[in-house]
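Student: Could you take me through the aromatic rings in this model, please? I am new to it and would like a close look at that part.

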Amino acid sequence: MGIKRKIEENDIESEKKTKKDEVFPIETFVKNLKDPESSFLALSEFNEHVRQLSSQEKLGELIENILLSLKSNLDDVLPLITEEKRKTSENTTLYRFLTTLMEYFSTKNYSTLSELIMKRFLSITSSIHTIYFMLSSHSTASHLKVTLRFLLSMVQQNEYYARSIFSLIDFKRPCWKSLLKRRDIRDSEDVRYWVIKFFFSPLVYQHIDTIRNLIKEHDIFHEIFYGLVNDSRNTVEFILDEIRTNIIMVPGVTKTDKIHLFDDRNLKSLIRLYNWTGQQKQKDLVRTKKKKEKLEESLELEDEEMEVEDNNDRDEVRRIVHTFMMIILNSRNYGINFFDTNFGSTTKNSNPIILKVITNLSNHFLTDEYASNLIVTCLTTCPDLLQPFFKLISHEYISIRSKNLSGTLEFLCEVIQQQKPLNSWLEIFQTTSDSIKLTDILINLTLPMEIMNKFDQVILKNSDSTIQLISMKFLSMILERVKEALNILTNVSLACEKISALEAYQQAILRYIPKPDHFCDSLNLLKTTDSTTSDLHHSVSQYINLLKLYSSSCFMSMSAMNINLDILLTNSILNLLSFFKEILLKNDMNDNLIENYFQCIRNILNYRESIDDAVWARHNKELECTPLRMLFKLGKQFKQFDQISEHLSSIIIKLSSMINNNYQELIIWFYTWLKLGSSEKIEQFLSNSIEKIILNPYPLLEKTIKDSGYSLMIYSALDTIQYAKEDISNEIDEYLCDVVFQIYIGQLNQPTDKVHQHLRKVYLKNKKNMKIYQLFNVISTLNKQNEILMNEISHIAKSILSNIDLEKGPDNIQINLAIKLNIFKIFLLQESDTSRLIAEMIQCLNIALLLKDPHRSFEILFDTAIEHIQSYSLLSNENIDIIPLICQLINGLNMTHQTTKSLQHSKILLKCLEYQPNNYHLIYFTSNYLSLEYRTEFLNIICQTVTDNLDILKIMIKEIKVNENINDEKFLDAIIDGLKVYNENLEDGI
């Protein structure tokens, strides 16, 4: 039956009317809808009226009124969906009308009504063919969008109909690819946008089979991704958000499914978004069509300048695609990456797609922060790709002609820095039974082999100070990783043959890691260039950090493998002194640099079996002094005198076997020199005295007295005075007196007058006017009326004890000296004002308790005090009871800052308890610091004396609980008797 066509939809589409909302004649519409001759006229009028409506509320009101007139059924609408062929304009009119209804039904959940339309549409076999006809390349953009929107409205009804519609559609038809090229820059929702929106529409239901069927549509996805670079920001955001939400992050979608989706072509298209230039017109695409082959050849970013009006849009698109790529390539749960338990040590590549991405992005790691970040993150997520990437970098970017070698090295530092600690995979290492396999894994994770092969020739011989600095930083990071691996091979329980794995890994280290002396050559290059002091300072600092790693025990243990690492390091350490000389001239030294350097020396010397080293005591032309003297020049730059004195002492005792037992005494020599102002004359005197022992100690030994109480240092210093070509200055005389006096009062068995006579006779017979001669003459007399002795004590107090750091308080050496000096005054000088002296000692001990500084250990200080009190009491002419004195010290301590280590001389605390049995403060102190072997005696004492103090009872219970050897029931009886005091309040007591 023919239907008369009253109006062409195109005529209405071309008009742009702006009418106010008018009352729609519903009765006329229903009447015309029922008449086959006027039905399409009615639909056209409805569509036009809907287009003019100002709100969704008015649209809803209109549709509800129409449904009411149609008696809530669609009997007059459904006949319009027929097998009959119609013109494009009529199909467009019908689809527009049905879309309006379906979209409204969807929002109102009128599933019964929408189901009527869907069943009618699906029952007509020609429906899909009409759709294909409407989607042909000859259709206008308006007709295409109406058709696509109609399809979308049906999909949005429910999952069943979505799957039904998509089961009818063949996406292999050519029309789809051409539709995806239909753009209009004037329209934010152009044909391409609606095609993509329809294609993605069933994904919202997240049905696994539907998702997998869509993923199989490779051509459609290729066209969608390829066109992204020319889409608007909103379209890009919409597409990537849909894929992320409804494909990537859907739990049932496997990595394999995602790999099928994100193949090479699609990843190429995604990476091109990093160079997004804004939405392009259709004619722009035609003009750039010739570039298609070139764009598809690689994943690389284009180097063209961006031409986008809004830089914010550009930045936002780059951020969006970067976030998307980070998920795809790096997410453990949602990405396409696979964890390789072999860490790339086999021929199989577990992540070839990711390797291809980062390989091609490597052209831009210096110029694009997003490219750089993506590569670094991928290499962190997939450590199996490290070695292939290092190989690429080595071949392409590390050469003598490289334009930006420093930037490349800086990037490599970032790659290494972001790697996970090796302990993250400790379980894998422990369960690997093949030692060769484990070695290969650790090599791959720690040694960039291809990079290190070029390190000596390309990097270390480069005179650019920046490159030198970064190369040392890079190698430091590598050595830290290597150190981790060595610790695992040495200290962790492994399933494989540990020794074989360790030896194989050490061989790899010897092959790929540059020897420490190689950097000396690179530092020497800096001297020949116009490097600034800052450059030199940073390079030396970085080199010292390297040497600290080289000199750590795990590397030093390799010295036996025919590389003489200790000798190479010693040479490197000595070579560095010439650079320190340059820095010292510029007055640009810092404590951290010096401390690290001294730590290197200590590490090396602590490992060496042979400790005699004359090199340090011989004159060096370049330094214009001995290396030992240069060490002193460095040391006096350090602000913490007690710490640098300890550093210097620990180094010097390793340079000669003749003084290797004089650590504490050497600290006094260095500390006193520094406190007296670091005088050049004293520095020279001290250096000469030590060098004499290192170079030729035997003439000195011939003049020594066995068990004299003085070390070879005293004899060497006096020998230096004896053979001095010039008169000895007063400051050296004062210095030597201060040192000798401190050594003397620090001895538990002081040198006798016979020793002092020997020293005066052998070394000072022609120096009677010197203060040191006079001090030796009176020091053993212990006469507090002696002016020389008292002047010396006064000088010590003024020059060493009074000069205190106001921020940190007295240091360990000052506290020790103050306590020893006061004990000396109490017992040997027998001063009358003992209360003041004891109060000063208590103050020193309380400072140590308060600070809890390992350099000012309370336990060591208190033990030293007890030791000297016991020793001096035996030397005293008067019989002074030491127990009351020690009780006084303990009673004055602030126990709110207690420590927990026991005292070596703690047995005397029991005597103190016997002297003051009811002193709770003393009991509490004893419970903290008494050695385990005396605990039973401690319980015996407090059980007999104090049983009604709750705190004491707690101490007793704690002792019984901690010490399993205590099982005497009398202690329990004492506790029970003590609790009886509480009577009715017994529960609180318990």
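Tutor: Happy to! Start at Arg760, whose charged end sits over the ring of Tyr773, 5.8 Å from the ring centre. A charge sits over a ring if NZ of Lys or CZ of Arg is within 6 Å of the ring centre and within 35 degrees of the ring normal. Arg173 does likewise with Tyr132, its charged end lying 3.8 Å from the centre of that ring. This is a predicted model, in which local features need pLDDT of at least 70 and side-chain atom pairs count only at pLDDT 80 or more, while totals for chains, interfaces and linings use all residues. Residues are numbered from 1 along each chain as its sequence is written, and side-chain values use heavy atoms, without hydrogens and water.

Next, rings beside rings. Rings of Phe, Tyr and Trp (its six-membered ring) pair if their centres lie within 6.5 Å; planes under 30 degrees apart are stacked, over 60 edge-to-face, and the rest tilted. By this rule there are 47 aromatic pairs. In one of them, the centres of Tyr193 and Trp194 are 5.8 Å apart with planes at 85°, so the pair is edge-to-face. Tyr193 is buried (under 20% relative accessible area), at 12%, and Trp194 is buried too, at 9%.

Phe741 and Phe824 also pair edge-to-face, 5.7 Å between centres and 90° between planes. Phe741 belongs to helix H41 (residues 730–746) and Phe824 to helix H45 (residues 812–827), so their pair ties together parts 83 residues apart in sequence. Helices here are DSSP runs (H or I) of at least four residues, numbered from the N terminus. Both Phe741 and Phe824 are buried.

Finally, look for one aromatic cluster whose members include Phe166, Trp176, Phe199, Phe225 and Phe324.

Technical notes:
Buried means under 20% relative accessible area, exposed over 50%, partly exposed in between (1.4 Å probe, protein chains only). Helices (H or I, at least four residues) and strands (E, at least two) are DSSP runs, numbered from the N terminus.
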